[in-house]
Every structure is written in C-alpha cells, then in structure tokens.
Amino acid sequence: MTNNKYQFFIFLYMNEQNYPEFTGLELSPRKVDYLKFILEKKGTVKTTEISSCLQVDPSTTTKTLNELAAAGYLNHIPYRGVDLTEMGKEYAEFLIRRHRILSLLFTHYGLSTEEACAEVSRFEAFVSRDAVNKICNSMGHPMVGVCGEISHEKCLHLDQSLHLEHNH
Ligand SMILES: [Zn+2]
Ligand SMILES: [Zn+2]
C-alpha cells in the first residue's frame, strides 16, 4: 500500500467518526472505573462526587480527570464538573459492554453474579476490544447480561472491524 493510499484510507475512516479507532487497551484500570462511573451518572458529574464514590483523594481525582480530558474523553464544565465527549461516551459504552460480556461468560462457568462482576472488575482493563467482539460474537450477541443490558454496535460488524483493528 502506498503512503498516499494509506493516508486516504485513514482520512476516510476518521472522517466517519472524527477520531481514531481504539483497541480497548488505552486506559488503566483506574481510568476505566472513572469513565464507567461518569457514563452511568448520565450528564455532568462533580469532581467531589467522583472522588468520594471511587474513594480517591480529590487531588488525584483532579489529576486523573485532567489526563482524561487531555486525551479527549472528557470536557471540563466550569463550576459543574465533567462530562463525556462523543469519543468518551463511545469508549465508555464499550467499557460497559466489555464488563457485561466477560461477567456473563464467567457466570456460564460456575461463578455467581457477584463473584463474576468482582473477578472481571480486576482484569477487564486488559482484555482487548477485538477479543471482546469475538467473545460477544461467539455468544450470539446476548442482549441481557448479569448486571445490565448489553449493547452491540461495533461487534455486529465483526468482519469489517477485525480487518481494521489488526495492524500487525
Ligand atoms: Zn457487573
Ligand atoms: Zn455483540
């Protein structure tokens, strides 16, 4: 593939969403918790609420929120807190889907709902989107997980997305 063609491809692809595709491995477990928490709050969330619910001291919370904002996941709303950008919302929806698919999988192998959620919460940040999509596909895209409904936007177009996600 020539460089020009490659750039054209990236341009077309980014033009669709205005931000690059993600692997699901971009964020640390702590940042995953922040984005999931903010998505579930629906709307603007106060920094103090995040630090008390996630049991993190306020200065660490502010630092983490600044990093997430700098990376394009969040907007700061002066005097009100933070909310998710379009990219942050899509990413957080993936994070919820990943948690629910993996939790559902664990309950198929002997764990209770509570056990599955707790186990998955410890490692979910290290499972790629590619793997989650393949697992979701092999499970037949279940609509209901053990801890909530499961949405399926990207995983239903697995054949296309797999080619795009494989860059090695
Ligand atoms: Zn859960
Ligand atoms: Zn699916």
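Among contacts in the protein between residues at least 6 apart in sequence, what percentage join residues at least 24 apart? The figure is 63%, with contact meaning heavy atoms within 4.5 Å.

## Ground rules and overall layout

This is a predicted model, so local features need pLDDT of at least 70 and side-chain atom pairs count only at pLDDT 80 or more, while totals for chains, interfaces and linings use all residues. Residues are numbered from 1 along each chain as its sequence is written, chains are lettered from A and ligands numbered from 1 in the order in which they are written, and side-chain values use heavy atoms, with hydrogens and water left out.

The protein has eight helices and two strands, running α-α-α-α-β-β-α-α-α-α from the N terminus. Both kinds of element are DSSP runs numbered from the N terminus: helices are H or I with at least four residues, strands are E with at least two. Of the 168 residues, 40% are buried. Here buried means under 20% relative accessible area, exposed over 50%, and partly exposed in between, using a 1.4 Å probe and protein chains only.

## Zinc ion, ligand 2

Cys136 (SG), His141 (ND1), His152 (ND1) and Cys155 (SG) are the protein donors here, 2.0 to 2.3 Å from the zinc ion. Donors are N, O and S atoms within 2.8 Å of the metal (3.2 Å for Na, K and Ca); water is not among the atoms, so sites may look incomplete. Along the chain, these donors follow the spacing C-x4-H-x10-H-x2-C. Cysteine 136 sits in helix α7 (residues 129-138) and cysteine 155 in the loop between α7 and α8 (158-165), so the pair ties together parts 19 residues apart in sequence.

Cysteine 136 and cysteine 155 are both buried.

## Zinc ion, ligand 1

For this zinc ion, the protein donors are His99 (NE2), Cys117 (SG) and Cys147 (SG), at 2.0 to 2.3 Å. Their spacing reads H-x17-C-x29-C. Cysteine 117 belongs to helix α6 (residues 113-123) and cysteine 147 to the loop between α7 and α8, so this pair links parts 30 residues apart in sequence.

Burial is worth a look at this site too. Cysteine 117 has 16% relative accessibility, so it counts as buried; cysteine 147, at 30%, counts as partly exposed.

## Two loop residues

Leucine 25 is in the loop between α1 (3-17) and α2, and its 45% relative accessibility makes it partly exposed. Its C-alpha is 5.8 Å from that of serine 128, 103 residues away along the chain. Leaving aside residues up to four places away in sequence, leucine 25 touches Tyr91, Ala125, Phe126, Val127 and Ser128.

Arginine 80 turns up in the loop between β1 (74-77) and β2 (81-84), and at 51% relative accessibility it counts as exposed. With residues up to four places away in sequence again left out, arginine 80 touches Thr44, Val45 and Lys46. Arginine 80 and threonine 47 are 33 residues apart in sequence and 8.3 Å apart, C-alpha to C-alpha.
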